[in-house]
Amino acid sequence: ALDELANTVRDTVDEVGPFFDEKQNVEADFENLQDDGHNNSSGLGSSSRVHLRFIPEEDEDESENDDGSPEKKKGSSSLGPRLAKGIVHYFNDLLGVLLQLSGELELASTFLSNASSGNLISPEAVHAILAHIPVLDLVFSELKPTLLAIYESKESLTTSDGNETLRRILIVVRLINETSFKVSQRLEWNAKSETAYVTLLELLQRMSHELIIMHEEDDGWDNDEPAKDVTSKLRRAWQQSGNETELKLLQDKLLSNDTNNDLDSDDEDDGKKKDGISDFFRQVCYKVLISTDAWCPNERDLNVVTGVGFSPSNTKKKTMKDGDDEDSLKNEPYSARQSHDAYSFQNSNHDRDGNLVDVPFAVADILHKIRGEPLPRESTVDLIMRRLIPYDVPSSTSATNSSSHGSTSLVRGSIDVFKKENICVAVSSVPEIPNDPTALGLGGCGKTTLAAIVASRDDVRQHFKDGIVWLYMGGRPEKDMPYEMYVACLLEICSQLSVKELPEFDAMFHIPRERSDTRNKRETTFLNRARAKLSDLLEGRSVLIILDDVAWRRDVDLFKFQKEDGEDSRITVMVTTNVRNLLPNADTVEVDLLDDSESVKMLISEAELPLDHQMTTSVSTKMLVRDCARQPLAVRSVGRWLSLKHATLASTSSVEDVGKEMARSIHALVGKGDINYEIMGLSFSPAVNDKPTQVIKFCFAAFVHVFCQEQRMEFDPTKASPIIPMEAANILFETLLRKEEATLFQEGSLFNIQQREAIVLIPEALSALGVFEVTSETEEADDSSIVEESKKLLQVQHDIQLEYGEYLAVASGGLGNLINDAEISWNRAFVTSSVDAKGGFRWDDADPDPCRRYALEMIISHMLRGGMLKEAAVLLGDESFVRGRIISMTGLKGAMRQIKDCEALFQKLKDEKIEGLDPVAVMELAYQTIGSLLVPSEDGIEENKEVALEAGLAQHQIAFSLAE
């Protein structure tokens, strides 16, 4: 097929001659396409676009015959013939790319081992391109007579539609050329690339058929139409890329003999028929093509080909200023819509001009962790924005005419596919294993940060005028979300949207001995009821719900709030996930690794150096970021480490010397394991007397194992990871370091002399390295530094850092004997020390500090993990402790925690059979204690019915627990 195409194209090139004649400037190129400001922004290198030129329309050079009639001079031509000639040469350019790919395929087959290592082009990608050559051969063979006839006539077609169709064919052939060329640039061939290629081919086939009929009919477009149904290749490609909705809509429309929508029914006074490639078909193709991300043609070409998109004449970037409205930005590229103060949160509670909603606290918190300005990553943000806020695209008649830029005929208002009821967008990342479609997305690529950047944009805050919500969804191992968790999410949505009258969600009781399948059905009913209630509440509201770290598709479905009639739903859901197939390809944006310049900029910013620092251009810096695989989390960690290391060595070494030393250290570890683990391993092991120490590693392992391992499994939509009082962490660090002093500290260590100072340095160091985020209680601290410290809180910033802490606590983590019997000894040490540190207090004292509140909630769990069953039994029956727990955890939540701990203790006592501890007697005492505290007085019931209701619910849960 390639040989046949080559022969046909070359013969035709010989017939039409060179692409330019001696009278035309060889530099006239595609940028001068008519008057619409079209700009060629293809990815081809300069050597590959020698023929990719478009000869602009010129005034005909005329003279007069003897009778006064105009005579065309030899060599002059009108637009139609020049377009026909351009199409022939564009096919010739495409042939050159296909021959090059065929040659590379032969090389890849000969040197298979090199191909598999990535040194040669992917054979699968080339096979995919070459499989479409028979279609190209067929199209060109059918088109050739028409092109030659138009060229030889030296006259344009009788209608402007003919020249417009020629122009679109020319651009589509060039786009197919550019898409083919991308394969030689080693881009991964996937469902999106196949969809882009096949969609362009389908457009080419239909436009070619249209041109042939136009040329045969003197009166323009006849009633003959292209094939009713789409090709099997298009159908298969759209299904694989997740465009089933668009496919069904298109098939239904084509088969119903209604290929022309009514967008321009009032503009047909000239009596002409509509384009053969219907507006509807091209608009749907536009929607599909913009979802192919890296394989999407540039939007100005796409605008001309499909007749939709923003006006090509408006090419300058614009930001929203005072007095602007959303309509003024509709025709701007999304990457140009970023407001100058999108990352400023000082005044986020005060809407500018009353149009901007508040930024969620989580968004401000995420961006606050970044040193300097966040990387804009415009291309990726643009891909997200295309899906999040679809264009209000003008119809074909207005889009192709810059003078009708303000047309009110909008595709989204007329075609269902452009007003999707529930827009869902997934932000994932490139695969952990390259070219593996089943692999999970790579962690640490900046998915959450990008979602926060999008949520902070002014155009997003203006579009979703009723609010933006952020929920954390990570840390849950089970596939189905329990009803209690779902209700917690719904209440958090109401809280973030400042809903005044909260909906009343049904209480789902636990039924002893209930079969799991029966409970699942009952739970599904409760979930649907709760979802329906919030759907009613959100009816007609324009809201963006962001779900961070989603692992299950069911979670996404639960937050599609749409009424049963499917109308008036304006809720958009954006999720971050490492499950790359969570949503269809068309609705998924994959975050790639940084490029070299972005990596260097992030490194310099995180190291707190000026952006014009000489390290920006140094070879060692570039080597450093490449050894970090240009992964954002790794680059950020190295930048923080560089800043801390230089701060401690400023008197002896320059920052450049420190950077070079770090580059050598990291380069030696490349390929030995996970780059993030290797960087943390180095930065957590500062050298003393030229020997690496393990103090920070040991303390971090203990922190994660003791405080985060169990709490991480307890779902909380407001927290990405557990938040722990710094005082509790320091109590653990001090106890364990004293216990392991002989192993961790050299003889003559100052640890015993300056013990308190040494303990405080550990969270400070981990904070400087970007591992801990240190926050404070909202209350003002008192006068002493100790009280101020007691209000500080610690939180691990990233899941990969948490996973590294868990890794350190196992045998392969490198801590050796330091982790022996860690579960029991570390938890026991924390319980004993924290109780001793708070000696002489009552558990139900008023106004407990964060450390006391943490103990009231979690100390029983630590006792059980530390094997302190007798102590746990005593405390669960202690009235002061139980009362303090109920007060601190606000009623029902405290009661549920008490029940959970009682059941866990009961099971351990049954299993271990400890003398003197009867499981039933221990449980009865614990429940009698809490039960006596949950009986409100008669007056109390009348005064606070909500508290009385919670007490009743807690009593029910106690009864069910006893029955179980």
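Trainee: Before we discuss the sheet, when do two strands count as paired?
Mentor: Two strands pair if DSSP finds at least two bridges between them. Please keep in mind that this is a predicted model.

Trainee: Understood. What is the strand order of the open sheet of 3 strands?
Mentor: The order is 10-12-11, and the pairing is antiparallel. Strand 10 (723-725) and strand 11 (772-776) are the edge strands, each pairing on one side only. From one strand to the next, the twist averages 35 degrees.

Trainee: How many bridges join strand 10 and strand 12?
Mentor: Strand 10 and strand 12, the latter covering residues 792-796, pair over 3 bridges in the antiparallel sense. Within strand 12, Leu 794 is the bridge partner of Ile 724.

Trainee: And what holds strands of a sheet together in general?
Mentor: Strands of a sheet pair through backbone hydrogen bonds, in either a parallel or an antiparallel manner.

Trainee: Let me step back to the whole chain. How many helices and strands are there?
Mentor: The chain has 38 helices and 12 strands. It comprises 964 residues, of which 53% count as buried. Among contacts between residues at least 6 apart in sequence, 75% join residues at least 24 apart.

Trainee: Which residues touch the most other members of the largest nonpolar core?
Mentor: That core has 77 residues, and those touching the most other members are Phe 91, Leu 98, Leu 136, Leu 147, Val 183, Leu 204 and Trp 238. Helix 2 (residues 79-110) supplies the largest share of this core, with 13 residues.

Trainee: What does Phe 91 contact beyond its sequence neighbours?
Mentor: Leaving aside neighbours within four places in sequence, Phe 91 is in contact with Val 9, Leu 136, Phe 140, Leu 143, Val 173 and Leu 204. Another core, of 74 residues, lies apart from the largest one, and its members include Met 602, Ala 634, Phe 772 and Leu 808.

Trainee: What happens just after helix 20?
Mentor: Glu 608 takes a positive phi of about 60 degrees there. In the loop between helix 20 and helix 21 one also finds Ser 618.

Trainee: Is Ser 618 buried or exposed, and why?
Mentor: Ser 618 counts as buried because its relative accessible area is 18%, and the cut-off is under 20%.

Trainee: Which partners does the Ser 618 side chain have?
Mentor: The side chain of Ser 618 reaches the backbone oxygen of Met 615 at 3.1 Å. Its side chain also makes a polar contact of 2.6 Å with that of Thr 621.

Trainee: Changing topic: how many disulfides are there?
Mentor: The count comes to 0 disulfides. As for individual cysteines, Cys 285 is buried, with a relative accessible area of 0%, and Cys 489 is buried at 0% relative accessibility.

Trainee: Finally, where is Val 589?
Mentor: Val 589 is in strand 7 (residues 588-591). Val 589 counts as buried because its relative accessible area is 0%.

Trainee: Which residues does Val 589 touch?
Mentor: Not counting residues up to four places away in sequence, Val 589 touches Lys 192, Asp 293, Thr 380, Leu 383, Ile 384, Arg 387, Ala 426, Val 427 and Ser 428. The C-alpha atoms of Val 589 and Val 381 are separated by 9.2 Å, although these residues are 208 residues apart along the chain.

Note on methods: Residues numbered from 1 in each chain as written. Predicted model: local features only at pLDDT ≥ 70, side-chain atom pairs only at ≥ 80, totals over all residues. Heavy atoms only, no water. Helix = DSSP H or I, 4+ residues; strand = E, 2+ residues; numbered from the N terminus. Buried < 20%, exposed > 50% of the residue type's maximum accessible area, 1.4 Å probe, protein only. Polar contact = N/O pair within 3.5 Å; in protein donor to acceptor, adjacent residues only side chain to side chain. Axes fitted to C-alpha atoms, helices over the stretch in contact; angles between N-to-C directions. Disulfide = S-S within 2.5 Å. Contact = heavy atoms within 4.5 Å. Core = buried A, V, L, I, M, F, W, Y, C linked by side-chain atoms within 4.5 Å.
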